[in-house]
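Dear colleague,

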Amino acid sequence: MSIEVRIPTILRPFTKDQKAVVATGSTLTALITDLDQQYPGIGDRLLENGALRRFINIYINDEDVRFLGSLEAPIKDGDSVTILPAVAGG
Amino acid sequence: MSLTISRAFVDAIIAQSRAEYPDECCGAILGPVGSGTPTRLLPMINAAHSPTFYEFDPKDLLALYREVDDNDEEIVVIYHSHTETEAYPSRTDIAYAGEPGAHYVLVSSRKEIAPAIEFRSYRIIDGVVTEEEVSITE
């Protein structure tokens with residue numbers, strides 16, 4: 001099973017500047033684990049104390065994973081995953 | 001480094017900041033990829049609805065990036081307003097700045113300077129803030 005993952009500019013230093021990479025995993029946790037094995041360090045930018053970072057948005061197809069079970073969100077063949085840092089501040 | 005922006009966009013951002021006061025307002029200006037020129041203003045909803053915080057709604061954020069990709073555009077400017085403090089990036093602005101290629105524009109309508117409005121632009125890269133000159137074209 002291979003899932004296309006779109007990488008935001010700020011994380012492209014981890015992926016040798018690739019805008020999209022391929023990873024595997026049947027849940028978001030598994031997918032992030034695989035991404036971190038391929039691109040060491042990227043997992044830390046997505047997770048904090050075992051949870052999704054508050055100001056990182058991850059989408060499966062068009063849906064925010066927070067509405068799909070967060071890290072437990074199921075992923076199936078043909079899904080596409082998009083990572084976007086929140087545009088936010090004070 | 002500098003930002004060149006039309007008077008119409010400056011006026012529109014200031015008008016939006018007044019309309020949404022006392023909440024912070026926010027939005028983006030897009031331009032053709034590689035041009036660095038802001039050509040299309042997209043006011044965004046501040047999902048935080050707060051006088052001290054702003055956040056693009058996550059659903060709108062995805063739509064925005066899809067649109068940018070489909071149209072061969074880039075995000076040239078990310079703007080928001082401060083309503084009580086100067087137009088300088090706050091600690092949270094710096095912590096969450098995720099677009100190293102964008103100009104971060106801040107406007108301030110704090111009452112100490114009323115009726116004047118501050119309009120300033122910065123690069124925020126790896127936690128380092130660099131103010132840049134703003135040239136307004138008529």
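Predicted model: local features only at pLDDT ≥ 70, side-chain atom pairs only at ≥ 80, totals over all residues.

Residues are numbered from 1 along each chain as its sequence is written, and chains are lettered from A in the order in which they are written.

Chain A has 2 helices and 8 strands, these being DSSP runs numbered from the N terminus (H or I, at least four residues, for helices; E, at least two, for strands). Along the sequence they follow the pattern β-β-α-α-β-β-β-β-β-β.

The contact between the chains takes 16 residues from chain A and 20 residues from chain B, where two residues are in contact if their C-beta atoms, placed from the backbone, lie within 7 Å. On the side of chain A that touches chain B, strands E5 (56-60), E7 (80-85) and E8 (88-89) of chain A each give two or more residues, and E7(A) gives the most, with 3 residues.

E8(A) is also joined by 2 bridges to strand E4 (residues 54-55) of chain B, and the two run antiparallel; strands pair if DSSP finds at least two bridges between them. Within this pairing, Gly89(A) stands opposite Tyr54(B).

In chain B, strand E1 (residues 2-6) is joined by 5 bridges to strand E8 (residues 128-137) of chain B, running parallel, and Leu3(B) has Val134(B) as its bridge partner there.

With best regards
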